[in-house]
Each structure stands twice: as C-alpha cells, then as structure tokens.
Amino acid sequence: MKKPTATREQKKTEIEQLSQAELVEIVLGLQKIIEELQEKLAIATGKSRTTSQTSSKPPSTELLQKPEKPTVKPEADPKKKPGGQPGHQGKTRKGFGRVDRTEISSPDICLNCGSKELSEVINIHRQQVASLVAKPIEVVEYQTQSCKCLECGAVVRGKQPQGIIPGQDLSVNLQALLVWLGNYGHLSYAKLTELLWELGTIEVGVGTLQKTNQRVAAAVKPAINALWEWAPLQSNVHVDETPWCVMGVKEWLWTASGEGFCLFHAADTRGRVELETMLGTEFAGVLSSDDFSVYNGAKVAAQQKCLAHLRRHFKKVLGLPGNNNAAVAQIFLSLIDEAFRAHESWRKTRDLLTYHSWAQDFKIRLNQALATWPGLVGYAAGLLLKSLRDKAEQWWYFLNDPSVPPDNNLAERSLRLAVTKRKVSGGSRSMKRFEETANLLSVIQTCRFQARSVMAFFRQAISAHSCDYFPVPDLIPFFQT
C-alpha cells in the first residue's frame, strides 16, 4: 500500500511549529548544501580551478596551464626588465682571492722597427683567469716502501699520503666531489660515470659509485646524530613533509629546520609519531608548520601556523560564489598582507616599540572582523573564520613575539632541494638508501645555511671515518655552541 504524502498545508503547519533555533539550523544546512553544489559546479566549469595562488601546489605544476600568448599588463604596472633595477648597489668582482700560478709574457722584439733593444718594464697588464686544467683527474700510483732498521732490525714503512685511504681507489677529494654532484647536483650514477670518463678518461663502475655514496653517508652519521640531539632544544623549529617513493611505495621525507641547521627524516608515515621522533613527545619551543591536522594538538610550548597558507585559502574563497565570500576574503587578505609588511619592517629595523604598537592596533581590527563576519559568509569562509577564532594563539603568535616568523618558508625552502632530488632520481630503491639520502641532504642544507663548504665537510667526515686520529666534524652552528 502506498504511503500517503503530506500536503502543503501539513508541511506548512509543521514548519510553523519549529523553534527559531531549529529553523536557523535548517537554513544553514541548506545554505551549506547549496554552496557545496555551487563550488562543484564552478570547479567542473573551470571557474574555480585550484592554482598555486589558492593552494599549496607549486608554480611548476602550472606550466602547461599558462597561456601561449603573454598577457598584456596595463601601462600603470609595467613589467620590470631583467637584470639590476634602478638604485641597485652593484658589486664588481676583482680577482678570485688567490693566484695559483703566474705566467709572465715579455716582448722580445719591437713590432714597429724590428729592434731587440728594449727598455726595462714600464707597465704590467694583469688579468686573472680561472681555467680548467688539462687533466683535472690524475691517476697516481702510490708506492709505500718498507725498510729494515740496521740498528734494531725493525721494519718501518713509509707514511700514507694525505687524502688517500688504504683499500679505496678514489681519493677523498674525488669522493667528496662525486657525492656532492650526485646529491646536490642531482647527477645520476650513469652521468657520473660519463663525467669521470670526460675529465680523466677513467672507467668507474656504478657499484663503486654506490659504495662511495654509502661510505660518505656512514661517515656523516655521527654529526647528524649529534645535530638531532641538539635540534629539539632550540626555541623555534620549522617542520614540513613531502612524499618520497621507495620501490613504488609512498613514504615520507620530513624536515626540521631552524636558524643555521636543517635535518631530514626518512619516515614510513605522515603521522604524529614522526613528529615526536624528530622533536620528542614534548617540545619546549615554538613549532612552525602549516595547518596539517598532525600538528594540531602537538605537545609544544607554542605554535605558529603558516600565514602564507592562510592567505592561499582566502585567495581561493575570493573566487567562490556565495554570500559575502569576496568581501570577507578581501578584508582578511588585506590584514594578512599588512601583517607580512609589518613583520618585514621589524626585521629591517628591529624596532620593538613600533612593532608592538602596531600589533595592538592590528589585534583590535582583527577581532572586530572576526566578530562581524561569522554567520554572514559561505561555508568555506566560515571554516576559515572558525579556525582563526579557535586557533588564534597559533595563527597570530608572531604578533607577541616577532622573533618567530609568521610563515613556514624556512621548512618549505629546505624541502626544495629534496623535491628536486626526488624528481630527478624518482625516489629510492630501499629504505636504507632513503635514510642515507636524508642524511646527506641534511649535511648539504645545513652547510649551505651556515655558509660552509659542503665538500670540505665531506672530506673531513671521510677522513675521520677512516682514521681515528682525524677529528669528527660538527654540524651544530658555531654561534649556538
């Protein structure tokens, strides 16, 4: 038997019997459904495509989406010409800081009359040129001789040359260069073998290159372990993560970066356990990160979420249809941009009095905006406003302590080296190699942050790993020790 349907009058009566709170809940629910449908329709028609400006996608992924013809900008905003801009303080290089060899060219005969009677030197024209020597790779046979003491009969042996390790057919310098090229220069083993042939006409197998990479990774591990013990004691650490393929399986490469250091952690998961592995179950400093859920509720002294990510979210809301979405997005985009400018000004002047005065006024205007717009905007904007209200101490920590940046750019810049390595290599062939790559990348980025020579560190680490009397190099920033 067919169930009787309610008439229009009956539905009207039921609606009239509902309380105001129930009616508001129904209206908000319908508004949410409508906006979700509008957003799906906008995405389907291409009107709200996710870009690097409205999400965390890197700009490189939009290469094929750019128009073939360049867009013409208005005359009020002319495109800058490449190169130094007006007012730029130029720097002229004068030499290379050293001279390895000097060649002197003196005239033998007068080209004007043919006379060989010439005066003493009256002028010298100097030009320093960096050259690639004829044999950048030299194959040397070292013969260590042994002799017998005629006094006591003991057998003595000659000293091992510096930079040469017994049993290894590549010098310390060459090993450091190959690891630098493979992990920072992103050259594959195949290209490294070709390079060795081009530079020295020598054949080196892929297996030798793999062993060299493993050897150097083992040599730097003590310094990496010491840095991992030191890093969780710092006042501010930036964290982020990126996927990494290991034999077709998605793993994760994490980074913990701060002033003067960068550490990478090869992990199986993207969960809280990896964060605790890096910084401990309780971190006494300020954790800078994006708004990924893993970082919410972490046991830390304080948090600073990336304001650049928040800006991208509001940028996306700016293009969504719905009530007041554009208006509220524009208001908060202006506030965020103002915050970035104020913090940049503080970094230049270090004027705390001016900064705190601005921060007090900024908080008032921010709270007024948060009190005005909830309930008057669409679903997506409402979620952002709720996050700003519920996690205010995490989004705006830098207002009270400007020594903590308002973004997570340090961690994102740290990951760029690893992302490039991943794109070129395609990942790793085992978790062990993944861990070795993480350690080598940690050394490279940390040395770069400290303006140190990466190859010099590799040479010191290899020497210390092979001989006990060589000191183990340290990665802890010297200004923090």
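User: Before we look at helix packing, what are axes here, and how do angles run?
Analyst: Axes are lines fitted to C-alpha atoms, for helices over the stretch in contact, and angles run from 0 to 180 degrees between N-to-C directions. Helices (H or I, at least four residues) and strands (E, at least two) are DSSP runs, numbered from the N terminus. This is a predicted model: local features need pLDDT of at least 70, side-chain atom pairs count only at pLDDT 80 or more, and totals for chains, interfaces and linings use all residues. Residues are numbered from 1 along each chain as its sequence is written, and side-chain values use heavy atoms, leaving out hydrogens and water.

User: Great. At what angle do helix 8 and helix 10 pack?
Analyst: About 35°, with the axes of helix 8 (residues 325–349) and helix 10 (residues 379–390) 10 Å apart.

User: Which residues make that contact?
Analyst: Asn325, Val328 and Phe332 come from helix 8, and Ala381, Leu385 and Leu388 from helix 10; contact means heavy atoms within 4.5 Å.

User: Switching topic, what order do the five strands of the open sheet take?
Analyst: The order is 5-4-3-6-7, with mixed pairing; two strands pair if DSSP finds at least two bridges between them. Strand 5 (261–267) and strand 7 (300–305) are the edges, each pairing on one side only.

User: How many bridges link strand 6 and strand 7?
Analyst: Five, in the parallel sense, with strand 6 covering residues 283–289. Val286 has Ala302 in strand 7 as its bridge partner.

User: And which strands does helix 6 touch?
Analyst: Helix 6 (residues 272–279) packs on the sheet and touches strand 3 (236–246), strand 4, strand 5 and strand 6. Its direction makes about 40° with that of strand 4.
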